[in-house]
Amino acid sequence: MLRLSYDFASWLKVTATGGTDFYTDQRFRYRPINTYQSLNRKGDIREEVIRAREDNFDILASSNFKLTDDIKLSANLGASHQNRYLRMTGNSGNQFIVPNLFVINNTTTNSYIFDLIESKINSAYLSGQFSYKDYWFVDFSARNDWSSTLSKENNSFFYPSVSSSLVLSDAFKWQSDALSFAKIRASWAQAGSSGNPYQLTGAYSLNQYTHGGVPMASYTEIIPDPNLKNELTTSIEAGADLRFLKNRLSFSFTYYQAKTKNQILDVPIAPSSLYVKNRINAGEISNRGIEFVLGATPVKSESGFEWNTTFNYNRNRNKVESLYPGVESFLLATDRGINVVAEVGKPFGQLIGTQFAWIKDEQGNRLIDPTTGLPLRTAGRVETDLGNAQPDWLGGFANTVKYKGFNLYALVDIRQGGVIFSQSNREQIIYGTSTKTLEGRDGTYIAEGMVGQKDGSGNWTSTGTKNSKQVAAQDYWNMVASDKEVMVSEEMINDMSYIAMREISLSYSFPKKLMPHKLVSSLKLGVYGRNLFYFQRKTDGFSPEASAFNVNNSSIGIESTSLPMMRTFGINLTVGL
């Protein structure tokens, strides 16, 4: 990154910055013959190279004015340009000819991989602050973006914000040993988003098939809308910041509401149209919640020993207010046995099972076939509401202990509530590699539930007697999941709650007299560990943070044979010149 700055006057400063971030990602994957997931179990291979670059250029003029002895104004006026580029090339092949020879040409069918994504955004923005006697502040901002992902008629969108804060302790001279600081604040803001590149037009994808020597291509399955508009989120926020006992105790509270409208959605349509979805602006989602941060310095001695602790809490409630007229449920993502949907009147991210379900009595107990001793399940596939992926609340507990250059830091990460559907659980049950399939392999497994019986209409009802019939564990787990497309969806649901020891670090800042050279102004040596262990974890055989790896929010609540969280340890050395 390159930054140039010049003071044209005591009240005017202009800064220009420019930088480029780029990377090359080379990937190689193969699955040998007899790999279950490959085509006809003949194996496959894929090799690709991804080259990505992001350019950012900004120019900013900053000024400060003292309008009166009590009123000050600071203002910023700027413009920016962002350019994004991604190119992917490679090859893939299916069905190996010679075993254990992992090259593209050793496959019966192979095809070329190509993708190109480019986008640009130009922006102009203004921000500033009025202050009165340094205890009342009014901040404002305005931004206009011109995005290449929207049409010329709609590519310009404007979003402003305004906020204000009042330091009560200064304005009304409330400072005391008990109350050190008090501030109230409120804000209103809008934020725009222009969506993904190439969403206005369809595109062709070439494949390995030809007709008369000419490669064949398939057209997009989505009907594009050339008149799409930007998404817009409007939010309000109010809160207070308080400090007590000479800043030894602090409390910060925030309440917020936000609504997002004009979302860019791909709505399913009738297959008779020769398309699968129609891309439109529709839908509205609301969010509201509270956040608070409680901080304290329980110990602070003259010898230099200091202990600071902070606890933060966040509770968000969202709701799908509306979708497209006549549409009450919208499919966000789908995987084997599970759909993630947005359903009007419910939180974003409802999980709907699409496979089999247990037959239960009115109390929710599974009914057991008295003849086989196995749970009864539906004759066909049914849709089952399995819960929501959103957490009830999130939190963090951080502690820092300082003493004579030593700094010990520990962070506990907390999530409570929300469910996740696990594809790993399905695979483990199918192949019998889950520890929960060990019980009863000698034929002594007893399925939990009530013994069932058929009534006069042929429907299963409960006898009121708890099941005690022993069966082979394999017979039971084959009822739960016998294949990737034959399972009881609810059995793959896990509680995403956890309390994790996210980080512990210890560092030492060397005193000035121990600096190795006069050019070195500071020197700090430290060790750290991250993702160390869980105090609480309710998921079976996988990290509860697994769905956080999905880059698309539509995939929240799905774990798909993810890798374990990496536990990392390191040493860092910080040198100041």
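Contact means heavy atoms within 4.5 Å. The model is predicted: local features need pLDDT of at least 70, side-chain atom pairs count only at pLDDT 80 or more, and totals for chains, interfaces and linings use all residues. Residues are numbered from 1 along each chain as its sequence is written, and side-chain values use heavy atoms, with hydrogens and water left out.

**View 1. Tyr 476 and its contacts.** Tyr 476 touches Arg 366, Leu 374, Pro 375, Tyr 445, Ala 447 and Val 471. Residues up to four places away in sequence are not counted.

**View 2. The largest nonpolar core.** A nonpolar core is a set of buried Ala, Val, Leu, Ile, Met, Phe, Trp, Tyr and Cys residues joined through side-chain atoms within 4.5 Å. Buried means under 20% relative accessible area, exposed over 50%, partly exposed in between (1.4 Å probe, protein chains only). The largest core has 39 residues. Tyr 476 and Val 480 have the most contacts inside it. Helix H3 (473-480) is among the elements that supply at least two residues each. H3 gives the most, with 5 residues. Helices (H or I, at least four residues) and strands (E, at least two) are DSSP runs, numbered from the N terminus.

**View 3. A second core.** This separate core has 7 residues. Among them are Phe 157, Leu 228, Leu 232 and Ile 264.

**View 4. An open sheet.** Four strands lie in the order S16-S17-S18-S20, with antiparallel pairing. Two strands pair if DSSP finds at least two bridges between them. Strands S16 (329-335) and S20 (384-388) are the edges, and each pairs on one side only.

**View 5. Strands S18 and S20.** S18 (residues 350-353) and S20 run antiparallel, joined by 4 bridges. Ile 352 stands opposite Asp 385 in S20.
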